[in-house]
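Work through the exercises below with the structure in view. Try each task before reading its solution.

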Amino acid sequence: MTVGIRRPWEAVDYDELVRAFPPPPEYFERTWLAPPDEIERVQLGRLRERALAAARVPFFERRWAEAGFDPRTIRHLADLERVPSYTVHDIRTSIERQPPWGDYQAVTPADARREPLRVYMSGGTTGKSRPTFYTQWDREVGAVLTARALYMQGIRPGDVVLNSWAYGTHNGAFSFDEALHRWLNCVVLTTSTGNVTSSERQVELAIEYEATAILTTGDYLLRLADVARSMGYDPKADFNIRALPNIGDRGLLESTFGAECFNSYGFHEVQWVSVECPAHDGLHIFEDAFVVQIVDPETGEPLPDGELGSICITELYKTGSPQFRYNIMDLSSLYPRQQCACGSWLRKMAPFAGRGDNMVKLRGVNVWPEAVGELALAVPGVSRDWFVRAVRDENRDELIVTVTSERDPSEFDALHTAVEERLKERLGVRIRAEVVPPGALDAWTEVNVAPKLKRFRDER
Ligand SMILES: [Zn+2]
């Protein structure tokens, strides 16, 4: 025996873990239905503990001292508003200050002798990768949270599930894998993307092994349906799909596979944050693990319930790399706390509504690329895909939206005029449109590669 090395079962007290963060199905019988005072009492207790732990991390210690915030002074949940928030830019600065890990982590590779550690990267397509350390505890609780979302989406113990996310340096595929394997007792076929296991093979595996879910984007799942049809299968009758992706064309997914869609929200540093319930009116936040606030994307000031702004998240469970008022710049809004038709008092948030840092000022008008995409998609003849670029043209900022169409290319000219007219009419500002054949945007949107589709690029 090597002195000092702790094994997973020594690093984590599993009885304590399932009491503090119940996995499904028991989560939905108990914690999901907790009364408001109990929800907020648990949150406050964990928030105070987490603040003291984060204060020992140089990144937070420095920023909090500069802002005059003392972590011992948290008495109420509202005190969280006194804590300075930070964005990905601050994380990048932290990495430059102390490469390659940054000074925002609570552990270093040397701590792997003390307990099993994992590291996953985000970013990296433009600029340096941003690593996040996860302790054994973080991996397990994160997997429990992901398991809750997958359970609500319809996945059950004993199911065979295809994991078609890219097994790479980022957390995506692994977070699903661990949730399915360790906390949902599912049998995972680790197909990865179409580049690793061909789409035809994925269709064959899903049908042969009666998979109840294929974890991927809605767009890729619909493509698999097309591939299945071309192989002579009927997606509804021949697949055994019971759970659908949280992103994509909801109506088309439901009609193609005959299953119900449940939206959910999460990101790789904290895993799964919220999931829609059968009432389909907002996403319940796992409040034993998170405090979610909505802030102004430009100023970071908290916004009232119902207003669209940037998600500012504080997790209440991690020990490897704290996220304490992380302004993630994903857009959403909060519902006031009230009892839902499903019986839960957990606060709800609106589904992901785009990126807060993508707003472009075009001749004095604030334009969100997501709004441009939505409007363009409503033009008859335009297919599901879109991408917006901001460019500098003769000293003016311009937006170009590229959409796809399955129509004959001879009709593209008329189509691009129709898109431009609609955008001008609805947004009051001219936006250029381009039309390309289906699939031509895949490299830009990074479909099948990234957990969230890329929809915007600033080329100015
Ligand atoms: Zn509900």
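**Exercise 1.** Which strands does helix α8 lie across, and at what angle does helix α8 run to β3?

Solution. The model is a predicted one. Locate helix α8 at residues 172-183. Helix α8 lies across β3, β4 and β5. Its direction makes an angle of about 170° with β3.

**Exercise 2.** Give the strand order of the open sheet and name its edge strands.

Solution. Begin with the order: the 3 strands are arranged β4-β3-β5, and the pairing is parallel. Next, look for strands that pair on one side only: these are β4 (187-189) and β5 (213-215), the edge strands. From one strand to the next, the twist averages 30°.

**Exercise 3.** How many bridges join β3 to β5, and which residue of β5 stands opposite Asn 163?

Solution. Strand β3 covers residues 160-163. Between β3 and β5, which run parallel, there are 3 bridges. Opposite Asn 163 stands Leu 215 in β5.

**Exercise 4.** Describe how α7 and α8 are oriented to each other, and which residues meet.

Solution. Helix α7 spans residues 136-152. The packing angle between α7 and α8 is about 85°, and their axes are 8 Å apart. Angles of 65 to 115 degrees count as roughly perpendicular, so α7 and α8 are roughly perpendicular to each other. Now list the contact: the α7 side includes Arg 139, Val 144 and Leu 150, while the α8 side includes Phe 176, Glu 178 and Trp 183. Sorted by class, the contact has 8 nonpolar, 3 polar and 3 charged residues.

Note on methods. Residues are numbered from 1 along each chain as its sequence is written. This is a predicted model: local features need pLDDT of at least 70, side-chain atom pairs count only at pLDDT 80 or more; totals for chains, interfaces and linings use all residues. Two strands pair if DSSP finds at least two bridges between them. Helices (H or I, at least four residues) and strands (E, at least two) are DSSP runs, numbered from the N terminus. Axes are lines fitted to C-alpha atoms, for helices over the stretch in contact, and angles run from 0 to 180 degrees between N-to-C directions. Two residues are in contact if their C-beta atoms, placed from the backbone, lie within 7 Å. Angles under 35 degrees count as roughly parallel, over 145 as roughly antiparallel, 65 to 115 as roughly perpendicular and the rest as oblique. Ala, Val, Leu, Ile, Met, Phe, Trp, Tyr, Cys and Pro count as nonpolar, Asp, Glu, Lys and Arg as charged, and the others, Gly among them, as polar.
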